[in-house]
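Please read the points below with the sequence and the structure side by side.

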Amino acid sequence: MSDRRTEILRAATRVITRRGVRGLRVGELAAEAGVSTSLIYYHFTDRAGILRQTLGFISDRADRYTAERAPGSHPVDPRTDLEQVLLLELQDSAEVRENSTAWGELRASAVFDPDLREELARATHTWVHEIAELIARAHPVGTAPDHAAAAERLTALLEGLSVRWLSGSLPLDHARRLLRDAIAVELERP
């Protein structure tokens with residue numbers, strides 16, 4: 001991905017975080033990214049293209065920060081790996097706050113936008129599948145449908161906890177504790 005295109009997607013994420021999807025204006029996005037509106041249209045064709053590509057950018061960025069390990073750390077057991085991946089979505093960093101806020105905005109907008117809905121469904125499916133694979137490693141006695149259902153429950157819970165945390169109705173440490181408890185419950189299932 002070109003540096004300009006990446007900077008436009010970073011800027012789109014920031015604008016969506018500040019103003020919501022409905023508040024995203026191409027002119028403001030161009031100013032935020034330091035480029036012309038024609039360059040934005042060159043890269044993304046239209047506003048819908050900007051939204052779809054921003055969703056992909058946010059998903060990729062989340063994949064990066066949830067895969068991070070401390071320098072020099074050794075591979076962990078599957079249960080700890082699962083916990084780390086999910087809990088890294090609930091950390092008080094500017095990048096995670098921005099990503100989670102923009103993801104929530106795009107998810108809410110997908111209710112009214114069928115094109116965005118399809119893109120979001122694909123991104124969500126990929127995320128659930130990745131979590132189901134982690135659950136399978138942590139709880140190998142379960143079946144694939146059981147792992148998929150547990151992944152659906154945990155990712156949906158994580159999204160809800162994230163919204164509550166970001167809106168100030170749930171302290172971050174409590175949200176993280178609730179998620180840990182839910183992971184424990186899912187891994188205790190027969």
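1. The model is predicted. Over residues 25-44 the chain is 80% helix and 0% strand. In UniProt, an unreviewed entry lists residues 25-44 as "DNA-binding region".

2. The volume of the largest pocket is about 620 Å³. Its lining consists of 31 residues, and those closest to the centre of the pocket are Ser59, Ala62, Asp63, Glu89 and Trp127.

3. Which helices supply at least two residues each to the lining of the largest pocket? They are H4 (47-67), H5 (78-87), H6 (94-110), H7 (114-138) and H8 (144-166). Helix H4 gives the most, with 10 residues.

4. Sorted by class, the residues lining the largest pocket are 13 nonpolar, 10 charged and eight polar.

5. Which residues of H7 are buried? They are Leu116, Leu120, Ala123, Thr124, Trp127, Val128, Ile131, Ala132, Leu134 and Ile135. Trp127, buried in H7, is also one of the residues closest to the centre of the largest pocket.

6. The buried residues of H7 are covered by elements that include H4, H5, H6, H8 and helix H9 (172-188). Of these, H4, H5, H6 and H8 also each supply at least two residues to the lining of the largest pocket.

Key:
Residues are numbered from 1 along each chain as its sequence is written. This is a predicted model: local features need pLDDT of at least 70, side-chain atom pairs count only at pLDDT 80 or more; totals for chains, interfaces and linings use all residues. Side-chain values use heavy atoms; hydrogens and water are left out. UniProt positions are given in the numbering used here, feature names are shortened, and annotations may be inferred rather than shown by experiment. Helices (H or I, at least four residues) and strands (E, at least two) are DSSP runs, numbered from the N terminus. On a 1 Å grid over the protein atoms alone, a cavity is a set of points where a 1.4 Å probe fits but cannot get out, and a pocket is an open set with protein on both sides within 12 Å along at least five of seven lines; lining residues have an atom within 4 Å of a point. Grid points are joined across faces, edges and corners, and a volume is the space filled by probe spheres set on the points. Ala, Val, Leu, Ile, Met, Phe, Trp, Tyr, Cys and Pro count as nonpolar, Asp, Glu, Lys and Arg as charged, and the others, Gly among them, as polar. Buried means under 20% relative accessible area, exposed over 50%, partly exposed in between (1.4 Å probe, protein chains only). Contact means heavy atoms within 4.5 Å.
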